[in-house]
Amino acid sequence: MSRITSLVRPNIAALAPYSTARDEYDGPLGIFLDANESPYQNGYNRYPDPHQSVLKDRLCTLKGIRKENLFLGNGSDEAIDLVFRIFCEPGKDNAVIISPSYGMYGVAAAINDVEVRPVRLGDDFSLDSEKLLGTCDPRTKVIFLCSPNNPSGNAFPKGQLLDICDRFPGIVVVDEAYVDFSEKGSLAAEASSREGLIVLQTLSKARAMAGLRIGMAISSPEIIRLMSMVKYPYNLSRAAMEKAMEFLEKKIDLQVDTIINERERLASVLLHFPFVRKVFPSDANFLLTRVDDADSLYGYLLDNGIIVRNRSRVPGCEGCLRLTVGLPGENEALLNALEHYMV
Ligand code: PMP
């Protein structure tokens, strides 16, 4: 039995997956009387490809990976949920997460009745590997890491993440939703060959397609097979896949450099305001900022039509607002509003 097989929940290991009509015949031509669809053509009367072959080919070329290493989900949120459903026995297994981090790890764990063990990052949001691994026990199936981390913005050193993968005998998820904004690099190339490593990426952030809901998991063929078996058969709509192909073919300038330049400009200007205590270094498209009275500043910005994320009640982020980098004009409007803020 492979190491991965021994981690899989017994009901999943024994699962006979749903076989779609289009699993049995996937030719383009024919008289389709197999799937109880409407025969009247409108572009969407047929079910979409459950294997998402066209979009996967395109993304594999883009990422330099093989199809057997790529899973596509309804946002990377779907992949997060699938990891719990495949590997964690409800009420028995646990997952170790870093704190603060992306809230969906905890929510997906709660939905799946899986205990989460948060490991606090340092005051500078650095990660203590010994503390992390020391929190794991024999029932820890998964460690969730997020790099660059939301909401702190920092990426962890690649060597540290790989060392954690080497030392932990379960599944390590590295969520790279914001990796396109970071110079610290991706673990995607390692995920194809390293047993137990799952790298999550998304079209929602730098690729500007949050409304389409397309996320990626990159991992070994064994894990990708499990995820494909457990997902809803038609988890990506035809409309979303077509639109994503259209955007990817157009090779639109994603303005990542502009966003990074704006991030750095915002960070340096923000520090001049007397009520700004700290702007944490960011490898993402947002800045976590500690201010004197986060609730008051949040309310003031809201009154001025500027919506930011109040993270001040998140442990480790006391007094902090998270500011997404917008268009240069929007960032200017934020700075202008801050100029007129009276503490
Ligand atoms: N991971 C992180 C760290 C995120 O911040 C988010 C969304 N804010 C996601 C995953 C979810 O992304 P998606 O739109 O692909 O579901």
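Okay, hi everyone. Quick thing before we start: what you see here is a predicted model.

Let's begin with the inside. In soluble globular proteins, nonpolar side chains tend to be buried together. Here, the largest nonpolar core has 47 residues. Which members touch the most others? Those are Leu55, Leu132, Ile143 and Leu145. If you go by elements, helix H11, residues 238-250, gives the most to this core, with five residues. And where does the core sit? Domain 1 (3-17 + 47-247) and domain 2 (253-339) both give residues to it, so this core lies between the two domains.

Leaving aside residues up to four places away in sequence, Leu145 touches Ile98, Tyr105 and Leu127, among others. Val172, Val173 and Val174 are also among its contacts, and so is Asp175. Keep that last name in mind. Oh, and there's a second, separate core too, with 32 residues, including Ala109, Ile171, Ile198 and Val230.

Now, the ligand. There are 13 residues around it, and the ones that come nearest are Ser76, Asp175, Thr202, Ser204 and Arg213. On the oxygen side, an N or O atom in the side chain of Asn150 is 2.8 Å from a ligand oxygen. For Asp77 it's a polar backbone atom, 3.2 Å from an oxygen atom of the ligand.

How much of the ligand does the protein cover? On its own, the ligand has 400 Å² of accessible area, and the protein covers 91% of that. That's me done, thanks!

Methods:
Residues numbered from 1 in each chain as written. Predicted model: local features only at pLDDT ≥ 70, side-chain atom pairs only at ≥ 80, totals over all residues. Heavy atoms only, no water. Core = buried A, V, L, I, M, F, W, Y, C linked by side-chain atoms within 4.5 Å. Buried < 20%, exposed > 50% of the residue type's maximum accessible area, 1.4 Å probe, protein only. Helix = DSSP H or I, 4+ residues; strand = E, 2+ residues; numbered from the N terminus. Domains from an automatic or database assignment. Contact = heavy atoms within 4.5 Å. Near = heavy atom within 4 Å. Polar contact = N/O pair within 3.5 Å; in protein donor to acceptor, adjacent residues only side chain to side chain. Areas by Shrake-Rupley, 256 points an atom, 1.4 Å probe, with all protein chains shown as cover.
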